[in-house]
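Biologist: Please examine the structure below with attention to its charged side chains.

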Amino acid sequence: MRVVSISPYLPYPGIPHAGGELYRRHVDLLSRSADLLVVCPENAQHTAVTSEEQGAGHRKLLVTPRTPSHVLGRLGHALALRLSPSAAGRPFRRAVLADEAVVSALREADRVELQWFDTVLLAPRLRRVVPGTPVVGVFHDVVSQAHLRRSSTRAVDPLRRLLALVRFVFAVVQERRLVRVLDTAVVLSEKDRVLLGRRGGGADIVVFPAPLDDDDMPPGPPPGRPAVPDVLFVGAFWRPENEDAALWLLGEIWPEVRAAVPGVRLTLAGAGPGPRLEREAGRHRDVELTGYVPSLAAYYRRASVAVCPLRLGAGVKLKGLVAMMWGLPVVATRVGAEGISGPDVFAAVADDAARFAAAVIEVLRDPLRARTVRDRAFRWAHDTYSAAAYLRALERLPCRTGEVRRE
């Protein structure tokens, strides 16, 4: 079976965001049963990774994005980018279907998959190029929900809320068009399946369990408690929703936790923190801002509780699931817990800063009370978000020939 996967990100070990790590695992698993070609935009990072990577089980093709060369084109692109962030992927989308090698591979493929909303927007044009080939769009989140949430939260200034409302309208129109032309739309949670289903259309909308299990994870929840109480928040901090969460955590939640639990520390682990977050974290001697690290295993092992204090964004928050699979109790906001439908798997869910802090304090002071929830979450997450479950889901995707080559 020949599959072409078009993605804005090249999968590689150590990619510094959860969605990219999910895609890397997807590519590794799909490569077991398919002749897989990954098509990504050419940039300095992707070129460097391609030159260093050895022994990948898939082929790669980097395409140079085609940016407008004339003034009016650049002005139009800038305006489109203000109205819809997905316009950032337009130069890559334009280049994909202008590249002879890509088009040839698409015509030979038994299935084409489009990763992330920016690339799923290729689907209508792709239909004209390969009308008989199943096209699968992978929605890592439903972007209209993120825009709608941003338009209604007081954490965002009024002008940006208005812009988010405009972007919401554009995203809804795009989503409606996409679910009419795709064969299958893949989402990561039942909540997203319902949201995307409201757009109508003929696509089969299916939920895929993200393959999150890892050889570094413990075989069971740790029996003891860390010597030093440690609160862990993992995120790609170049993403606005993670930066907002970290700033809220530092400003309104952390002072309460520190005052109640002597010797506690906070770890903000993830790539791309901006100057504001660096400045705020630097004011606290008990806060570590790691920046990019090749592995988060050591931080999960030393943590007492994981927090997911998100107020913005959409989609299932993989950071909460991964923490559960490491055997950590998780405290989250409703946004942070969104899309995770396990049976009472959070130590607490709270949107108010005082209640969020109180929940974290309770776990740190009396971890035995959180152990039942933690153990239940560990078992459920490992049963649901395993590589084996993901492989079974992959087998149900359509392909042109119906042939599957197995190892």
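This is a predicted model: local features need pLDDT of at least 70, side-chain atom pairs count only at pLDDT 80 or more; totals for chains, interfaces and linings use all residues.

Biologist: How many salt bridges does the structure hold?

Modeller: A pair counts when a side-chain nitrogen of Lys or Arg lies within 4 Å of a carboxyl oxygen of Asp or Glu. By that criterion, the number of salt bridges in the structure is 25.

Biologist: Arg 2 and Asp 110 meet in a salt bridge; how many residues apart are they?

Modeller: The N to O distance of this pair is 3.5 Å. Arg 2 belongs to strand β1, whereas Asp 110 sits in the loop between α5 and β4. The pair thus links distant parts of the chain, and the separation is 108 residues.

Biologist: Is Asp 110 buried or exposed?

Modeller: Buried means under 20% relative accessible area. Asp 110 has a relative accessible area of 3%, so the residue is classed as buried.

Biologist: Which residue forms a salt bridge with Asp 183?

Modeller: The closest N and O atoms of the pair are 2.4 Å apart. Asp 183 lies in the loop between α9 and β6, and its partner, 56 residues away, lies in helix α7. That partner is Arg 127.

Biologist: Which residue pairs with Asp 375 in a salt bridge?

Modeller: The closest N and O atoms are 3.0 Å apart. The partner is Arg 374.

Definitions and conventions: Residues are numbered from 1 along each chain as its sequence is written. Side-chain values use heavy atoms; hydrogens and water are left out. Helices (H or I, at least four residues) and strands (E, at least two) are DSSP runs, numbered from the N terminus. Buried means under 20% relative accessible area, exposed over 50%, partly exposed in between (1.4 Å probe, protein chains only).
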